[in-house]
Amino acid sequence: MTAFKGLYIKDLKLSFNGFIIGLFLIFFAMIASFALKEYFAEPSIPAIVSFIIIVLHVFYLPANLFTSLQVEAQSQLWLHNPNRGWKLFLAKIAAGITYFVASLLVSIILVKVFIVRTEYLGEFIGLSEMLSDHLYIMAGGMFLSSIYFTVWLLFYWTLYHALKRIPILNQIRWFVLLIVWLSVTILGNLISKIPAVQDFKEMGTINFHDFTKELGENTIFPETAELHLTSIIISILITVGVFLTSVWILERKVEV
Amino acid sequence: MEEFQASKPIYWQIVDRICHQIVRGEIQPGEKLPSVREMAIQTGVNPNTVQRTYSELERMAIVETKRGQGTFVTEAKDIISELKSRLQKEIIEVFVKNMKELGYTKEEMISGLKNFEEKEDRG
Amino acid sequence: MISFEHVTKKYGRETALNDVSFTLEKGKIYGFLGPNGSGKSTSLKMMAGLVFPSSGTVSVNGKKVDRKIAADIAYLSELDFYYSAFTVQDMINFSASQVSDFDWKKAEELVAFMQLEPNKKLKQLSKGNRARLKLVVTLARNTPILLLDEPFSGLDPMVRESIVKGLLSYIDFANQTVVIATHEIDEIEMLLDEVIAIQNGAIRAIENVEELRETKGLSVIEWMKQIF
């Protein structure tokens, strides 16, 4: 067995219970939505609930990773390992993605079987269109944003645990994280307001006018009609950069 | 695991023990001693120390190491009888020294020993 | 082999190690002895690359220690930490997958020796059996250096004995350097070549155990009472 496979299997086992609980919650929410539909005589409730379930999957990967990391944080003994930090992190992300995809697939199947094929599509035009026609685009978008959030989570988690070795900051670690977060956000906004940067972002824009028209006036995500290729590249670069920074902090600054 | 005295090196205490066992006949001439590792586990002692014990016994010609076979107690009778008389001498030395410290004369020691022996024999 | 040069470790105003220098040689068994909070544990973690010095250098075979040293060092933590979803076998498989020097045969022998059931969940094991398993996965590696942090602490005499026997049976004495940090000397006195007394983050003395007996007529325990 390779080191990565060993780590991957370990990380699958660490968050298996979380996965089962997640599935249970999805089933429960679905069943509850049908009960509520009957109770309030409001036929669109199942569709709204299933839409929420799918949207909430954006938090699935970060939440999964966080619980998995918290197990390691109890001792940080996972750092006694000759394999590099990126392997330790990637194995966790891979295990998280496995459960994320499985959970999302289960949700999509449930939506397809119980909502789309029945008369419970509801009256919001956008919603029903979204659930029936654009489910996969939505799922894919969520997958990508999920990874983006996850990498930032890794960064803040490692930073938090690295601060432990600095006693003055140890007490106010959450505050330090907040300051870092604010600085990063403000800096990001300032940079994106620079006209040159804005122009650069506009460079690779693809329009989806047809898509928007199709959705009509009640669209939920009119923004998705425009795709900025350069923005995507920038996001990828940020993701990789933040990941590598987290690895560096983990290897050099986190102590057992 | 065995108990050891604090004041003497452990390797020396194991040498002593093995010598006593040979004199008592618990270990026969020509018998194979446990390997260093086995002896270490039996006594609960660091194998480096056991190795030193065996080297010391070898230096004293009480054991011989045969390449690839292990460590054996010598079959040379003169060495074993020498060992016997050495142990005897050591014990007598201690006895005499203690008795002298208490102020006993040579004659008193001998008669004391005879009396003790007779009582022992009568049970 | 393992050397500390003017190593200081500070946690804020608290000093865990204060300008410590020493060298440990290959193929010896060292006892790091001292009361709780003396700096034993910190020293071991530094050797394992799990804690970094505030100043000074820790090096192994001339190389400055970082996290990669885990390839040459098997470190046994004092913590009773385990993955609760794991079975004994899972733990062995996982440990084996992470390192290149894992000796499966030795691991199997050790599991039998420690009387562990491969299919038992770790959370169902007693604390003593988990300590035994920790030793199994540590000793099953053929690493040049073994670091054991408080291997006996909080364990009953039966477990302690099995750990000592395990060490005696499976350490490669000619090739492995072993460092055992403990405040309980009884169990391991006979196992040690050298003792290092540490207190308040400073090394008080380093002695050869047999020499102590030969020249000073002292066992390690008596010697410790004299220094501390």
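Predicted model: local features only at pLDDT ≥ 70, side-chain atom pairs only at ≥ 80, totals over all residues.
Chain A has 12 helices and two strands, and their order along the sequence is α-α-α-α-α-α-α-α-α-α-β-α-β-α. As for burial, 27% of the 256 residues of chain A count as buried.

Now let us turn to chain C and its sheets. They can be set side by side:

| Sheet (chain C) | Strand order | Pairing |
|---|---|---|
| Six strands, open | β6-β7-β8-β3-β9-β10 | mixed |
| Four strands, open | β2-β1-β4-β5 | antiparallel |

In the six-strand sheet, β6 (73-76) and β10 (202-208) of chain C stand at the edges with a single partner strand each, so one side of each has no neighbour in the sheet. Direction ignored, neighbouring strands of this sheet are turned by 15° against each other on average.

At the β10 end of the order, strand β9 (residues 194-199) of chain C runs antiparallel to β10(C), and six bridges join the two. One residue pair to look for here is C:Q199 with its bridge partner C:A202 in β10(C). Helix α6 (residues 209-216) of chain C packs on this sheet, where it touches β9 and β10 of chain C. The direction of α6 makes about 75° with that of β10(C).

Helix α1 (residues 40-47) of chain C lies across β3 (29-33), β6, β7 (145-149), β8 (177-182) and β9 of chain C. Its direction runs at about 150° to β8(C).

The four-strand sheet of chain C is antiparallel, with β2 (14-24) and β5 (63-64) of chain C as edge strands that pair on one side only. Strand β1 (residues 2-11) of chain C is joined to β2(C) by seven bridges, and these two strands run antiparallel. Within this pair, C:S3 stands opposite C:T23 in β2(C).

Finally, how does chain C meet chain B? Here 18 residues of chain C are in contact with 16 residues of chain B. On the side of chain C that touches chain B, α5 (157-170) and α6 of chain C each supply at least two residues. The largest share, five residues, comes from α5(C). By residue type, this side of chain C divides into eight nonpolar, three polar and seven charged residues.

Conventions. Residues numbered from 1 in each chain as written. Chains lettered and ligands numbered in written order. Buried ≥ 20, exposed ≤ 12 C-beta atoms within 10 Å, placed from the backbone. Pairing = 2+ DSSP bridges. Axes fitted to C-alpha atoms, helices over the stretch in contact; angles between N-to-C directions. Contact = placed C-beta atoms within 7 Å. Nonpolar A, V, L, I, M, F, W, Y, C, P; charged D, E, K, R; others polar.
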